[in-house]
Amino acid sequence: MTTVLGCIADDFTGATDLAGLLARSGVPVSLRIGIPSEPPSDPAPFEVIALKCRTAPVAQAVADCRAALDWLQSAGAERIFWKYCSTFDSTAEGNIGPVAEALMADLGTSQTIYCPAFPENGRAIFMGNLFVGRQPLAESPMKDHPLTPMRDSNLMRLLAPQVTRPVGLVDRLTVAQGVEAVRAELSRLSEAGVAHVVMDAVANEDLYVIAEACRDMPLMTGGSAVAMPLPALYIADGALGGRSEAAAAPDLPQAAVVLSGSCSAMTNAQVSAYMASGAPALQLDPVELARTGPQAALDWLAGQDLERAPLLYATADPASVRAAQETLGRDRAGEVVEQALAACAVAARDAGARRIVVAGGETSGAVTQALGVTRLDIGKEIAPGVPWTFCDSGGHRIALTLKSGNFGAETFFADALAQL
Ligand SMILES: Nc1ncnc2c1ncn2[C@@H]1O[C@H](COP(=O)(O)OP(=O)(O)OP(=O)(O)O)[C@@H](O)[C@H]1O
Ligand SMILES: O=C(O)[C@@H](O)C(=O)CO
């Protein structure tokens, strides 16, 4: 089998989000954690490589994505999808634009699209402005993100300083006219030298139009939702054959742990709801962790009944996050939390936990790496963009769900555990 679409995701929750949405159409999707050390032997039609490069220095993010591209091309992929966050999370320098430009150069293409819209999760783009629910991005809780605070809502303005070539827009009025109008506008922009085109989309119907118009581009970029229609389009084109079922959930013991390093407004609500349901919980304080390390958390965990799915969380409100960052610096605060939650994941697994719920993309990266996971099978979605996944870790089969900070209902943690 050869790979029809090769995908590169800038974080781990984003990768499972994308894999889950592609798998909705019943096509086999393979998710690799990091760039596999071996050349592809039996590549799936949809290969997703999860990287941890959203907040990496630009040069490193570019190098990692180029290496992922090489692997995907050796799996046969002629079309590439660059997946970033539906809230366009990036630092002032990048990495969304620089990676896109590097991939365009390697693929020999002069134009790509940017469409982070995810209507099922309330992300819509109108006249180039990104909305989270009813709020412009810069007025949404994303303005307080610990690593990538988003203080502008306009995607063209956010993208322009990240790239060297002109940025343009295909607006909703054009998208509403359908596939041919979008193609015509893209080619008009191309003739005008516009390399980077933001695409308005407010509903799934818009994404179907955009995906159909752009499905043969060597590079598409966006959130997961604009990729969702691609499998059906490739099947219709004859580029792809059969369908399959989502990976069946293995029969796993009840023992579980919930690890939360996301500080999004939704994760804060999910942590509160889970504690209110009576679950045992321990809050981790980054300043304390930096002073004494994770031993106190590991000791607490060792005393817990894993059948009750205890929660360890550093999730905190924006004022507490700011206070920790002022004391430790942004990166150090993030790092001590990620390391502690990763150590807890390994300890929980070694103590018998076979269902692990993780909240937060960076956190998921740290946890997954510590668990030594290299490949995930995609199971059923718990909430839009959040599937259960199944993998091997430390000689055991385990279930892992990697929840994007902003996704899932307030009852997500209990919902996830109830589903297996
Ligand atoms: N109390 C805290 N103070 C400072 N930083 C924290 C605190 N709790 C967690 N962090 C750090 O904040 C970052 C949260 O990022 P993460 O990607 O895990 O969540 P998210 O951005 O909400 O999720 P996603 O990327 O899926 O949207 C992590 O680096 C985490 O270690
Ligand atoms: O697109 C999203 O919002 C998520 O998949 C994500 O990238 C979270 O880190």
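This report walks through the predicted model, from overall shape to domains, strands and ligand shells.

## Ground rules

Since this is a prediction, local features need pLDDT of at least 70 and side-chain atom pairs count only at pLDDT 80 or more, while totals for chains, interfaces and linings use all residues. Residues are numbered from 1 along each chain as its sequence is written, and chains are lettered from A and ligands numbered from 1 in the order in which they are written.

## Overall shape

Let's start with the whole chain. Its C-alpha atoms fill a box of roughly 65 × 45 × 35 Å along the principal axes. The radius of gyration is 21 Å, which agrees with the value near 22 Å that a compact globule of 420 residues would have. That radius is taken over C-alpha atoms, and the globule rule is 2.2 Å times the number of residues to the power 0.38.

Buried residues make up 53% of the 420 in the chain. Here a residue is buried if 20 or more other C-beta atoms lie within 10 Å of its own, exposed if 12 or fewer, and partly exposed in between, with C-beta atoms placed from the backbone. Among contacts between residues at least 6 apart in sequence, 76% join residues at least 24 apart; a contact means that the two C-beta atoms, placed from the backbone, lie within 7 Å.

The secondary structure comes to 15 helices and 18 strands. These are DSSP runs numbered from the N terminus: helices are H or I with at least four residues, and strands are E with at least two.

The chain is divided into domain 1 (5-237) and domain 2 (256-419), with bounds that come from an automatic or database domain assignment. Their centres, taken over C-alpha atoms, are separated by 27 Å. Domain 1 puts 25 residues into the contact and domain 2 puts in 29 residues.

On the domain 1 side, helix H1 (12-23) and strand S2 (29-33) each supply at least two residues. H1 gives the most, with nine residues. By class, that side of domain 1 divides into eleven nonpolar, seven polar and seven charged residues. For these classes, Ala, Val, Leu, Ile, Met, Phe, Trp, Tyr, Cys and Pro count as nonpolar, Asp, Glu, Lys and Arg as charged, and the others, Gly among them, as polar.

An open sheet of three strands runs in the order S6-S7-S8, with antiparallel pairing. Strand S6 (123-126) and strand S8 (135-136) stand at the edges with a single partner strand each, so one side of each is left without a neighbour in the sheet. Strands count as paired if DSSP finds at least two bridges between them. S6 and strand S7 (residues 129-132) are joined by four bridges, and Ile 125 has Leu 130 in S7 as its bridge partner.

Over in strand S9 (residues 167-170), Val 167 and Leu 169 point one way, Gly 168 and Val 170 the other way, and all are buried. S9 runs parallel to strand S10 (residues 196-199), joined by four bridges.

Strand S15 (residues 355-359) has five of its five residues buried, so it is largely enclosed by the rest of the structure. Arg 355, Val 357 and Ala 359 point one way, with Ile 356 and Val 358 pointing the other way.

S15 pairs in the parallel sense with strand S12 (residues 256-260) over five bridges, where Val 257 stands opposite Ile 356. S15 also pairs in the parallel sense with strand S18 (residues 396-403), over five bridges. In that pairing, Val 357 has Thr 401 as its bridge partner.

## The ligand shells

Ligand 1 has 28 residues around it, of which Ser 262, Gly 334, Gly 360, Gly 361 and Gly 405 come nearest. A residue counts as near if its C-beta atom, placed from the backbone, lies within 6 Å of the molecule. Helix H12 (318-328), helix H13 (330-350) and helix H14 (361-370) each give two or more residues to this shell. Its make-up is ten nonpolar, 15 polar and three charged residues. Both domains give residues to the shell, so ligand 1 lies between them.

Around ligand 2 you'll find residues including Asp 11, Thr 13, Asp 17, Cys 85, Gly 361 and Ser 404. H1 gives the most to this shell, with three residues, and each domain supplies at least three. The shell divides into one nonpolar, nine polar and two charged residues.
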